[in-house]
Each structure stands twice: as structure tokens, then as C-alpha cells.
Amino acid sequence: MFEEPCISGINGSGTIFFSHCNLHCIFCQNYEISQGINKGKEVSVEELANIMLNQQEKGAHNINLVTPTMYALHIKEAIKLAREKGLNIPIIYNSNGYEKVETLKELEGYIDVYLPDLKYYSNEMAIKYSKALNY
């Protein structure tokens, strides 16, 4: 219920947070999840598909993948499997905007809404606050 109101609606967004974010923002509000050591839970592609289906069964308006970049190919396979089992709500790719074009092309047809958080307008700031070259 605490994601952006335009996507959480009445029933909430089926938010799935991923660990090991590819940015290291010094101002991260989800640092314990995205960068914390021994945080999160390792799941298989099949388990991830089932988590998505479970969110749908609970009435979530969408599947909201937060900091998904490091797992894009696994996510693609999980979406494929979940759709085979009846997943029919929108998939939101809620990222930091630090993806390669090749990664985004690989996800074509699997993601319904891209929700990048644009962090920087200059490479200097990206390096200073997130250690991110060529943001």
C-alpha cells in the first residue's frame, strides 16, 4: 500500500524487493534491503513465479519489481512461467534507470510499465553519490 498511489490503488501493489542493487546510492531509502549483507531470501525462478501468483491471488493490482536489474533474466523466466499458470496483472519494472539497452530489449513483451527513478543529470554526480560511471 505504500508504493506510488497511481500504481497501488485500493488493494496495493504486489511489490517484490530485490537485493544487490547495481547502484550504491548514499541516500538509498531501502539500503537494508538493496545493499544489506544477508538480507533477503534466495528463491528459484519457480518460487519467484509462485510469489507473483500469490500476490495476484491476494488482489494486488500489479507485480511491482523493485531494483530488479541484477535479476532481469531470471525475472523474465519467472514471468513466463507465472503467465503459463494464470498471471494476468501488469508487471512494473521499478528501477533506478541504470540498465543497459540490451537488458531492456531482452525484457520486451514481459514488462507492462517501466518506472525508472531518474537519479542524475551528470556523470559527476552519479559517480559522487552512487559510484556509477556513465549513468
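Predicted model: local features only at pLDDT ≥ 70, side-chain atom pairs only at ≥ 80, totals over all residues.
Lys76 belongs to helix α4 (residues 72–84) and Glu106 to helix α5 (residues 101–106), so the pair ties together parts that are 30 residues apart in sequence. Glu106, for its part, is partly exposed, its relative accessible area being 36%.

The pairing is one of three salt bridges that a search of the whole structure turns up. Side chains of opposite charge can pair when their charged atoms come close.

Another salt bridge links Arg83 to Asp112, and here the closest N and O atoms are 3.8 Å apart. Arg83 sits in helix α4, while Asp112 is found in the loop between α5 and β4 (113–114), so this contact ties together parts that are 29 residues apart in sequence. Both partners count as partly exposed, Arg83 at 31% relative accessibility and Asp112 at 46%.

The remaining salt bridge joins Lys80 and Glu77, whose closest N and O atoms lie 3.3 Å apart. These two residues are three apart in helix α4, a separation of about one helical turn. Lys80 is partly exposed at 31% relative accessibility, and Glu77 is likewise partly exposed, at 35%.

How values were computed: Residues numbered from 1 in each chain as written. Heavy atoms only, no water. Salt bridge = Lys/Arg side-chain N within 4 Å of Asp/Glu carboxyl O. Helix = DSSP H or I, 4+ residues; strand = E, 2+ residues; numbered from the N terminus. Buried < 20%, exposed > 50% of the residue type's maximum accessible area, 1.4 Å probe, protein only.
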